[in-house]
Amino acid sequence: MGILVIAAAMAGIFFVCARLAGGDREAGTVVIERDGKEIARFPLREDRTVRLPETAAEGYNVLEIAGGRVRVAEADCPEQICVQQGWISRFGEQIVCLPHRLVIRLAGKDSGEMDAVAAADADGPARREPL
Ligand SMILES: [Zn+2]
């Protein structure tokens with residue numbers, strides 16, 4: 001009897017672990033972070049090319065979103081590692097550009113699609129309305 005209970009419990013644990021690791025979440029949002037702070041996000045299903053701000057300190061990265069995937073199409077960082085990473089399309093995947101302190105990662109569909117598209121412009125928070 002005890003063995004049955006243990007077997008059932010183990011099956012349950014196994015099932016839960018498989019669910020957690022199983023990546024059944026679908027990527028739906030491209031989130032762009034610089035210095036660990038989100039600067040922009042875009043829906044993955046809308047094709048577009050985004051040029052991230054070019055400044056003397058940070059250089060630029062050109063993001064290409066197409067067919068439910070995203071990549072860095074072009075950048076002026078020395079190693080070009082972000083460009084060489086190619087396309088990502090799955091939830092949790094990310095592209096990192098270390099010289100530019102930039103992270104492009106794929107978040108789930110449900111994580112807020114309503115905001116922040118305008119933040120990709122170079123103008124930054126200085127343009128915000130005072131509260
Ligand atoms: Zn790079």
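Residues are numbered from 1 along each chain as its sequence is written. Because the model is predicted, local features are considered at a pLDDT of at least 70 and side-chain atom pairs count only at pLDDT 80 or more, whereas totals for chains, interfaces and linings use all residues.

The protein chain contains two helices and seven strands, where helices (H or I, at least four residues) and strands (E, at least two) are DSSP runs numbered from the N terminus. Along the sequence, these elements follow the pattern α-β-β-β-β-β-α-β-β. Of the 131 residues of the protein chain, 17% count as buried, a residue being buried if 20 or more other C-beta atoms lie within 10 Å of its own, exposed if 12 or fewer, and partly exposed in between, with C-beta atoms placed from the backbone.

Four strands form an open sheet in the order E2-E1-E7-E6, with antiparallel pairing; two strands pair if DSSP finds at least two bridges between them. Strand E2 (37-43) and strand E6 (94-97) are the edge strands, each pairing on one side only. On average, neighbouring strands of this sheet are turned by 20° against each other, direction ignored, the axes being lines fitted to C-alpha atoms and angles running from 0 to 180 degrees between N-to-C directions. E6 is joined to strand E7 (residues 102-108) by four bridges, and the two run antiparallel; Gln94 has Arg105 as its bridge partner in E7.

Leaving aside neighbours within four places in sequence, Val70 is in contact with Val30, Leu44, Leu63, Glu64, Ile65, Trp87, Ile88 and Ile104.

Ile65 lies in strand E4 (residues 61-66) and counts as buried because it has 20 C-beta neighbours inside 10 Å. Not counting residues up to four places away in sequence, Ile65 touches Val30, Phe42, Leu44, Glu46, Asp47, Arg48 and Val70. The C-alpha atoms of Ile65 and Leu44 are separated by 6.7 Å, although these residues are 21 residues apart along the chain.

Terms used. Two residues are in contact if their C-beta atoms, placed from the backbone, lie within 7 Å.
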